Amino acid sequence: MGREAVCQARLGRKKGEGKALLETSELIFRGDFRVKIPFAAVTALDVKGQTLAVTWPEGTLALELGAVQAPKWAEKIRHPPSRLDKLGVKAASTVAVIGNFAADFLDEVRARAARVDRADKR
């Protein structure tokens, strides 16, 4: 996803400034302390004012991202983009598949794209 922000963070008694990174499947904070939270481990998300609070079994990380960014980050954590979103495949797309791909990926492409062409005619 590639979002990043310099912000203040709190985790229990720890507090400090650093860089928050919103990756494809995890939230990372690097600064006065370090945290890595896989999206799959998130049990609660809350946005209050400028702060995004992310709860997982190890505690609650509060990031002061700003009133505009905090809800956007929460939405990206709740609904991360799929592989096809990242590739820009839309319902009206024609997709050419060249080479070998896992069946689940091909099923995803067929379910989304208007037309799928296979170079090897499988």
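The dialogue below treats nonpolar cores, a helix and a strand residue in this predicted model.

Q: Which residues have the most contacts inside the largest nonpolar core?
A: In soluble globular proteins, nonpolar side chains tend to be buried together. Here the largest nonpolar core has 22 residues, and those with the most contacts inside it are Leu27, Phe29, Val35, Leu52, Leu61, Leu63 and Ile77. At least two residues each come from β1, β2, β3, β4, β6, β7 and α1. Helix α1 gives the most, with 4 residues.

Q: What does Ile77 touch, not counting residues up to four places away in sequence?
A: Ile77 touches Leu22, Leu27, Phe39, Leu45, Leu52 and Val54 on that count.

Q: Which residues of helix α3 are buried?
A: In α3, residues 103-112, they are Phe105, Leu106 and Val109. These residues lie on the same side of α3 because they cover an arc of only 100 degrees around the axis. The face turned away from that buried side carries the exposed residues Ala103 and Ala111.

Q: Against what do the buried residues of α3 pack?
A: They pack against α2, β8 and β9.

Q: Why does Arg118 count as buried?
A: The cut-off for buried is under 20% relative accessible area. Arg118, in strand β9, counts as buried because its relative accessibility is 9%. Its side chain reaches the backbone oxygen of Gly99 at 3.2 Å. Not counting residues up to four places away in sequence, Arg118 touches Val97, Gly99, Leu106 and Arg110.

Note on methods. Residues numbered from 1 in each chain as written. Predicted model: local features only at pLDDT ≥ 70, side-chain atom pairs only at ≥ 80, totals over all residues. Heavy atoms only, no water. Buried < 20%, exposed > 50% of the residue type's maximum accessible area, 1.4 Å probe, protein only. Arc of directions from axis to C-beta. Contact = heavy atoms within 4.5 Å. Polar contact = N/O pair within 3.5 Å; in protein donor to acceptor, adjacent residues only side chain to side chain. Core = buried A, V, L, I, M, F, W, Y, C linked by side-chain atoms within 4.5 Å.
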